[in-house]
Amino acid sequence: MTEGYFQIGTINHFWVSRRFSVLQTIANGVLRGAANIAEVGCGHGLLQRQLEDGYGKPVTGFDLNEYGLKHNVSRISRVCCYDIHQRNQELRGKFDVILLFDVLEHISDEDSFMDALLFHLAPQGQVIMNVPAGRWAFSKYDTAAGHVRRYAVKDLRAVAQRNNLEIEKWTWWGFPLIPTVAVRKLVLMGKQDMDKINSTGFDPKSPWIDKALGTLASLEWIPQKLAGTSLMAILRVAPDKSASRRG
């Protein structure tokens with residue numbers, strides 16, 4: 001992510017707030033029962049801070065973006081400049097919940113990345129993942145943001161199956177925002193300045209637009225299986241594979 005994104009992306013941004021609301025709806029019990037939580041790709045700590053405020057729990061944050069880590073807004077959580085491919089033995093199987101929010105779409109080799117991530121997951125642990133949805137919506141904004149792809153449900157299922165995971169629960173979200181994403185795609189066609197595209201594509205421009213989009217987004221029921229601009233899922237190691245991981 002660019003420095004511009006870190007300045008625009010705040011706790012109060014309508015999309016950030018809505019994403020956390022969706023997380024609470026589908027994973028409240030998982031989060032309340034978790035003893036050790038990590039976020040891979042924590043950036044400047046928006047989700048860490050939300051979980052601290054909402055659940056009173058620290059969330060160990062891993063990232064390689066030094067700018068984001070230096071501006072991390074969490075209060076009680078540990079932040080680490082750490083590449084999960086290093087597979088630090090002290091972190092093997094340490095976390096019973098790992099959050100992977102808006103990261104996988106940046107990764108070319110999904111399977112190598114997921115294999116490294118699962119090294120850090122406890123045998124009965126769960127991965128909670130959020131990714132941008134809708135192949136049709138891929139635009140200049142995605143390119144500027146460093147996205148390799150957007151996901152359909154079958155794409156996420158394929159990632160899960162290849163990595164011995166199963167999807168326990170999933171939902172689309174952002175259904176009311178589909179027209180906004182479609183308009184964004186049209187507006188950005190032909191633009192060339194990637195930094196400007198990145199900031200333009202995420203910036204609501206004014207507080208009243210931010211509030212209006214937040215209100216619109218909140219009208220959606222969750223979970224829902226109709227359509228959306230994002231996809232959130234809870235995954236667990238498949239039962240026949242958890243024993244082999246313990247061994």
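**View 1. Strand β1 and its two parallel neighbours.** Strands β1 (residues 37-40) and β4 (residues 95-101) run parallel and are joined by three bridges. This is a predicted model, so keep that in mind for every view here. If you want a spot to start from, find I37, which stands opposite V97 in β4. Now look to strand β2 (residues 60-63): β1 runs parallel to this strand too, and three bridges join the pair. Is β1 covered on one face or on both? Both faces are covered. I37 and E39 are buried on one side, and A38 and V40 are buried on the other.

**View 2. The whole sheet, strand by strand.** Step back and you'll see β1, β2 and β4 as members of an open sheet of seven strands. Reading across, the order goes β3-β2-β1-β4-β5-β7-β6, and the pairing is mixed. At the edges sit β3 (79-81) and β6 (165-173), each of which pairs on one side only. Neighbouring strands of the sheet are turned by 20° against each other on average, ignoring direction.

**View 3. Two helices lying across the strands.** Helix α2 (residues 14-33) lies across β1, β4, β5 (121-132), β6 and β7. Compared with β7, this helix runs at about 25°. Helix α7 (residues 153-162) lies across β5, β6 and β7. Its angle to β6 is about 160°.

**View 4. Helix α3, tucked in.** How many of the 10 residues of helix α3 (residues 46-55) are buried? Eight of them are, so the helix is largely enclosed by the rest of the structure. The buried ones are L46, L47, Q48, R49, Q50, L51, E52 and Y55. What do they pack against? Their partners are α2, β1, β2, β3 and β4.

**View 5. Helix α5, another mostly covered helix.** Seven of the 10 residues in helix α5 (residues 110-119) are buried, leaving this helix mostly covered. To pick them out, look for E110, F113, M114, A116, L117, L118 and F119. A handy thing to know while you trace a helix: an α-helix has 3.6 residues a turn, so residues three or four places apart point the same way.

**View 6. A nonpolar patch on the surface.** Over on the outside, F175, W221 and L226 form a nonpolar patch. Together they have about 330 Å² of accessible area. Where is L226 found? Look in the loop between α10 (207-217) and β7 (230-237). L226 has a relative accessible area of 54%, over the 50% cut-off, so this residue counts as exposed.

**View 7. P239, out in the open.** Helix α11 (residues 239-246) is where you'll find P239. Is P239 buried or exposed? It is exposed, with a relative accessible area of 56%. For a sense of scale, pick out S77 as well: P239 and S77 are 162 residues apart in sequence. In space, the two are 31 Å apart from C-alpha to C-alpha.

Notes
Residues are numbered from 1 along each chain as its sequence is written. This is a predicted model: local features need pLDDT of at least 70, side-chain atom pairs count only at pLDDT 80 or more; totals for chains, interfaces and linings use all residues. Side-chain values use heavy atoms; hydrogens and water are left out. Patches are made of residues with over 30% relative accessible area and no salt bridge: like charges are joined within 9 Å, nonpolar side chains (Val, Leu, Ile, Met, Phe, Trp, Tyr) within 5 Å. Accessible areas come from the Shrake-Rupley method with a 1.4 Å probe; for residues, only the protein chains shown count as cover. A salt bridge is a side-chain nitrogen of Lys or Arg within 4 Å of a carboxyl oxygen of Asp or Glu. Helices (H or I, at least four residues) and strands (E, at least two) are DSSP runs, numbered from the N terminus. Buried means under 20% relative accessible area, exposed over 50%, partly exposed in between (1.4 Å probe, protein chains only). Two strands pair if DSSP finds at least two bridges between them. Axes are lines fitted to C-alpha atoms, for helices over the stretch in contact, and angles run from 0 to 180 degrees between N-to-C directions. Contact means heavy atoms within 4.5 Å.
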